[in-house]
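Thanks for coming, everyone. I would like to take a few minutes on the ring pairs in this model and then turn to one of its helices.

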Amino acid sequence: MERYCIWLRAQLAKIKDERGQKALWQCCGEVDFSNNSMGDQEVWMLLETLAQFQIHAAVLKLYKNRISQAGVLAICEFIRSNSDAGPVHELHLSQNEIDDDAAL
């Protein structure tokens, strides 16, 4: 995930430099990292990268991973800090390691 985020930051920086921040805000996409064995740290890295460039992730598919309470906190922080980019309309988190405390 670290290599992917480095690559993604470079690509997003290039788009931002060539087309401006507005181009990134106008992208409304689906982020699908389902069934990837992602743990909390990988979720933090990915969402931090998306938030850094204020990417509008309308759909977050993160089901069938290893996300637990820390990953849920990363998702909450992403939604809170990335509000200028647009809302998350769908969030798929089934088949993770989210317990009752993390869900609340």
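Tyr 4 and Trp 7 make a tilted pair, at 5.7 Å centre to centre and 35° between the planes. This is a predicted model, in which local features need pLDDT of at least 70 and side-chain atom pairs count only at pLDDT 80 or more, while totals for chains, interfaces and linings use all residues. Residues are numbered from 1 along each chain as its sequence is written, and side-chain values use heavy atoms, with hydrogens and water left out.

Tyr 4 and Trp 7 are three residues apart in helix H1, and are therefore separated by about one helical turn; helices here are DSSP runs of H or I, at least four residues, and strands are runs of E, at least two, numbered from the N terminus. Trp 7 is partly exposed at 47% relative accessibility, the classes being buried under 20% relative accessible area, exposed over 50% and partly exposed in between, with a 1.4 Å probe and protein chains only.

The rings of Tyr 4 and Phe 33 are edge-to-face, because their planes lie at 65°, with the centres 5.6 Å apart. That pair links distant parts of the chain, with Tyr 4 in helix H1 and Phe 33 in the loop between E1 and H3, 29 residues apart.

As for H3, its buried residues include Val 43, Leu 46 and Leu 50, and H3 is followed by Gln 54, whose phi is positive, near 50°.

Definitions and conventions: Phe/Tyr/Trp six-rings, centres within 6.5 Å; stacked < 30°, edge-to-face > 60°.
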